[in-house]
Structure formats: C-alpha cells, structure tokens
Amino acid sequence: MNERFIDLKQLKKIECNLLKQVDGICRENGFRYSLGGGTLLGAVRHKGFIPWDDDIDIMMPRPDYNAFIAYCREREVPFGVKCWETDRSYVDFSAKIYDKNTEIKEDNVTGTEATGVSIDVFPVDGLGNTRREAVKAFKATAFRRELLGAAQWKKFFRSKTHAWYLEPVRFAIFIMSRFINKEKTFAKILKKYETIDFNNVRFAAAVGGSYREKEILPQNVFTSFIELPFEEYTFRAIAACDTYLTSLYGDYMKLPPEEKRVSHHMFKACYKDNAASETTEKEEI
C-alpha cells in the first residue's frame, strides 16, 4: 500500500476545516464553545497555531458538550465523532472530532484507532460554590484520572514535556494502570461530575485538561465570549482569556525557551486509499 502521509501544512488545514464545521454547528444551534488551552494561547499570541504546535483544542460547558454530542449522534455530520457516548472503550475526557478521509498511525496511545486527523473537545464541568469545594471535587478523582491516562498507553514512553525526575512516578502509574477496569473507572468519574449542575455553581474546570488545578476558575470565565482571529478565520473564545491563560501559563505572552518549543504529539497521519488529497503542495516538517 502506497501511504500518502500528511505534512504539517496539510494537517493544520484539515484541523482548521474541522473547527469551521464545529463552529458552524455551534452557532446554528446556540452551543457555547471556546478555543482552549494552547489553541487559545496561539490565537492570542500568534493569531493562529503556536508555530511549533500542531493541534486544536476547544472547550464547552458540560450542558453544551452533551447537547453537541447528542446533535452529532442524531444527525448526519461531515466528520467522525469518537467519545465515551459513541464507544464505551474510549475512556478519554475529551471527544475527538476527526476527518473520516484520514487515519492516524499512533505508536504509544490507544483510543486513536478508527479515527483520523482530529480536534479535541473538552467538557468544562461544574465543581462547587467555593474554591475549596471545587479543589476538593477536582482532587477526589485525580489519581483515578492519572491511572486512566496511563491505561491508554500501549507501552511506557518518556515524556517530552515533564521533568526527568517525574519519570519514576509516571512508570509506577503506568504499571498500576495495567490492573484497572478502564470502563468502570471512567463511568464512576463521569457520574460524579455530571451530578453537579454547571449552570448553578461558582467554580468549574476542564477536568481532563493538562494543567490540573490551574484549570479551576470561576464558572463565569467559561460563559462569556468574544471573537478572535485564528489563521485566516475567526472563532469564538472566552472573553476572560487573560484570566484563563494567566492561570494556565503565567506570563503567557513570553515565549518559552527554545528547547521547550516542541510538539507533544507522537503520531503520523495519512490519507486513506480512497481519499483525495486536498492539496498536492508539500513542505518539509
């Protein structure tokens, strides 16, 4: 089989097209969403992708996330959807919206099977009415979330983003993760947060986000929106992006040291045999 691998320029084009499709559905149906994580940072600091990054993350308040997933399951949409609701073996806290004409070659992480180039949609869950209450609710499932994350690794691998001295801890969690029931563990965690009404609490967080307790912010941070340029498009973003980005990254307008300007992804993407490339233009990654 002659695999046609997708280069960085094509990858970003496909991801932006997926985001445009999601944006259209959200605007048409009143679903709240925002660019999130490094994607929001890229929009604010670079007006597009962070130059050394290659992914798109968005976030939705839990009620809107549930409504969006239900919409996608009940109607014909131009992309594939992989999440807990569509596949009980998928135990990630974000849904993958993927291009069905592409596929992923992933050496280290399960859950990407039968998907393609994708963007991630993170639900933002209510946690409590005081910060102390929110932190307690967040920590209540923290260890089980770490185990679930490691349970998706096909094999142990060295982190690109964590300090070297954390590797023994990561390895210990990896070993323990081999012995858990992933589906039952995920269901218990999800049940805990779905019992909290996002619209009637003062603190919330993208529980599955990478920045742990830094993700916990006042609920109203996630419910007021502006428009921000991203590449040649305009997408929605939380109005309190300074509050959010400062919590996650500190002085977010300052570029990191060169040695930290690396993508954390370890996959290859290619077009399926019957899929026509959207562009024949190639460039070196």
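Buried means under 20% relative accessible area, exposed means over 50%, and partly exposed lies in between, with a 1.4 Å probe and protein chains only. By that rule R145, at 12% relative accessibility, counts as buried.

Before I go on, this is a predicted model, where local features need pLDDT of at least 70, side-chain atom pairs count only at pLDDT 80 or more, and totals for chains, interfaces and linings use all residues. Residues are numbered from 1 along each chain as its sequence is written, and side-chain values use heavy atoms, with hydrogens and water left out.

Back to R145. R145 sits in helix α5, residues 142-151; helices here are DSSP runs of H or I with at least four residues, strands are runs of E with at least two, and both are numbered from the N terminus. What is R145 in contact with, leaving aside its neighbours within four places in sequence? The list is F93, F138, I189, Y193 and V207, where contact means heavy atoms within 4.5 Å. I104 is 41 residues from R145 along the chain, and their C-alpha atoms are separated by 24 Å.

Another buried residue is D64, with a relative accessible area of 8%. D64 belongs to helix α3, residues 62-74. Neighbours within four places aside, D64 is in contact with G30, F31 and R32.

Next, the cores. A nonpolar core is a set of buried Ala, Val, Leu, Ile, Met, Phe, Trp, Tyr and Cys residues joined through side-chain atoms within 4.5 Å. The largest one has 56 residues, and F68, F79 and Y244 touch the most other members. Helix α1, residues 8-29, gives the most to this core, with 8 residues. Apart from that core lies another, of 17 residues, including W84, F138, F186 and V207. Two of those, F138 and V207, are also on the contact list of R145.

Last, a helix pair. How do helix α2, residues 37-46, and helix α8, residues 241-249, cross? Their axes come within 11 Å and cross at roughly 120°; axes are lines fitted to C-alpha atoms, for helices over the stretch in contact, and angles run from 0 to 180 degrees between N-to-C directions. That makes α2 oblique to α8, since angles under 35 degrees count as roughly parallel, over 145 as roughly antiparallel, 65 to 115 as roughly perpendicular and the rest as oblique. On the α2 side the meeting residues are G37, G38, L40, L41 and V44, and on the α8 side C241, Y244, L245, L248 and Y249.
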